[in-house]
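Subject: Handing over the model

Hi,

Here is the structure I promised to pass on to you. My notes on what turned up in it follow below.

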Amino acid sequence: MSVELSNEEITRYSRHLILPEVGMAGQKKLKATSVLCIGTGGLGSPILMYLAAAGIGKIGIVDFDVVDFSNLQRQIAHGTADVGRPKVESGKETINSINPEVEVVVHETRLSADNVMEIMAPYDIVVDGTDNFPTRYLTNDACVLLKKPNVYGSIFRFEGQASVFAPELGGPCYRCLYPEPPPPGMVPSCAEGGVLGVLPGIVGCIQATEILKLALGKGSPLVNRLLLFNALDMKFRELKLRRDPKCPICGDNPTITELIDYEEFCGIGLEPDDPQQHPDEVTVQQMKEALAGNDIAVIDVREHDEAEIAKIDGVPMIPLSELPQRFTELDPNQTIYLHCKMGARSLKAVDFLKQQGFKYCKSVAGGINAWAEEIDPSVPRY
Ligand code: ZN
């Protein structure tokens, strides 16, 4: 290994150097290691910051998103002044303000089957900081095909999980654990379900720890183990995992030998910014017109607590959770527009009402957040 440490670096990493498990040799290994972080959000922030501080030599960051006010409660690599900036730019600045020795490679793009192999190939370790199933399966499959360890973490509300997927180290991959994605809309995202701000900090730090252990070749990695964390109970549990010999990608007779269409695999047909409208959806503009007239009923299907955060004047509320008991309050022959926060729950409500014989129900695409952005800025976005 040809890397050397300057005197300044020796001082910077002194608390590592005096650990027998790290030492000069280990610190040089960290400097010689490259890590690709998928996502620069809640998980990505602490991962990037601790890897930078620890002296990982090269860090790649992939993200296409820009910083939003609603990110700041947990995505600590970004500050208030970064709102509106690309996350990769802000993330690179944060890394280099912590440690200018780190080489940061920015991939400002949406990771896809077309670009993932080329982006991932130069890195030693991949860390999954994504928040959606298509990218998670894509990351998994590319890592299996490229034989790179995939340091996995995920979070929701007060619960998190972490593991190291590495068939090349004798462990399972993500597909061994979750062969099929959940039906679309079944598992709410953090934007719909919420997340405690420090939770990604805890799970991200676990991922960063596993990366450093892999780079050093020390300790027992989370291979063959799924760590589960519950912040409300402050409890950790561990599940034993085993590689599935029938796994379609890492099994004994793999059927997936090249990347597939991950949006299709996860049942996601339309991108949120796809101009093509879902047949069961109307726009917030159409909801505005409906509210101005008398022919169309508009119903808010969010939960009661959410009305305290934001609401549209004059729109009655029947929460999705109460709809099975209360749908008889609605006229099955009237046109009904249903809105929620972002448009996922209202689509479920439409499905439910159609099963009950309602003919003319539509979901308002984008929900009250789209209303706040496009129609009435006095309504807060959340
Ligand atoms: Zn597998």
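Helix axes here are lines fitted to C-alpha atoms over the stretch in contact, and angles run from 0 to 180 degrees between N-to-C directions. Helices (H or I, at least four residues) and strands (E, at least two) are DSSP runs, numbered from the N terminus. This is a predicted model, in which local features need pLDDT of at least 70 and side-chain atom pairs count only at pLDDT 80 or more, while totals for chains, interfaces and linings use all residues. Residues are numbered from 1 along each chain as its sequence is written, and side-chain values use heavy atoms, with hydrogens and water left out.

Let me begin with the helix packing. Helix H3 (residues 23-32) packs against H10 at an angle of about 110 degrees, and their axes are 9 Å apart. H3 and H10 are therefore roughly perpendicular (angles of 65 to 115 degrees; under 35 counts as roughly parallel, over 145 as roughly antiparallel, and the rest as oblique). Their crossing is right-handed, where right-handed means that the near helix is turned clockwise from the far one by less than a right angle, and left-handed that it is turned anticlockwise. On the H3 side the residues are Gly26, Lys29 and Leu30, and they meet Leu212, Ala215 and Leu216 in H10; contact means heavy atoms within 4.5 Å.

H10 (residues 199-216) also packs with helix H4 (residues 44-54), at an angle of about 40 degrees and with the axes 8 Å apart. That angle makes H4 oblique to H10. Residues of H4 in this contact are Pro46, Ile47, Tyr50, Leu51 and Ala54, and those of H10 include Pro200, Gly204, Ala208 and Leu212. The crossing of H4 and H10 is right-handed.

Another pair is helix H12 (residues 284-292) with helix H16 (residues 367-374), packed at about 85 degrees with axes 9 Å apart. This makes H12 roughly perpendicular to H16. Val284, Met287, Lys288 and Leu291 of H12 make the contact with Gly367, Ala370, Trp371 and Glu374 of H16.

For the overall layout, the domain assignment gives domain 1 (33-265) and domain 2 (275-374); such bounds come from an automatic or database assignment. The C-alpha centres of the two domains lie 35 Å apart.

Now for some individual residues. His16 is found in helix H2 (residues 14-17). Its relative accessibility is 21%, so His16 counts as partly exposed (buried means under 20% relative accessible area, exposed over 50%, and partly exposed in between, with a 1.4 Å probe and protein chains only). The side chains of His16 and Gln27 make a polar contact of 2.8 Å. By polar contact I mean a pair of N or O atoms within 3.5 Å; within protein, one must be able to donate a hydrogen and the other to accept it, and residues adjacent in sequence count only if both atoms are side-chain atoms. Not counting residues up to four places away in sequence, His16 touches Val22, Gly23, Gln27, Leu30 and Ala54. Between His16 and Ala370 there are 49 Å in space, C-alpha to C-alpha, and the two are 354 residues apart in sequence.

Two aspartates may interest you. Where does Asp82 lie? Asp82 is in the loop between strand S2 (58-62) and helix H5 (87-98), and with a relative accessible area of 13% Asp82 is buried. Its side chain reaches the backbone nitrogen of Gly79 at 2.8 Å and makes a polar contact of 3.3 Å with the side chain of Ser90. Asp141, in helix H7 (residues 133-146), is buried too, with a relative accessible area of 0%. The side chain of Asp141 is joined to that of Asn140 by a polar contact of 3.1 Å. Beyond four places in sequence, Asp141 touches Arg175, Ile249, Leu259 and Tyr262.

Finally, a look at backbone angles. Lys147, in the loop between H7 and strand S5 (150-156), has a phi near 55 degrees, a positive value in a residue other than glycine. Lys147 is exposed, with a relative accessible area of 60%. Arg157 has a positive phi of about 55 degrees although it is not a glycine. Arg157 sits in the loop between S5 and strand S6 (159-165) and is partly exposed, at 40% relative accessible area.

Best wishes
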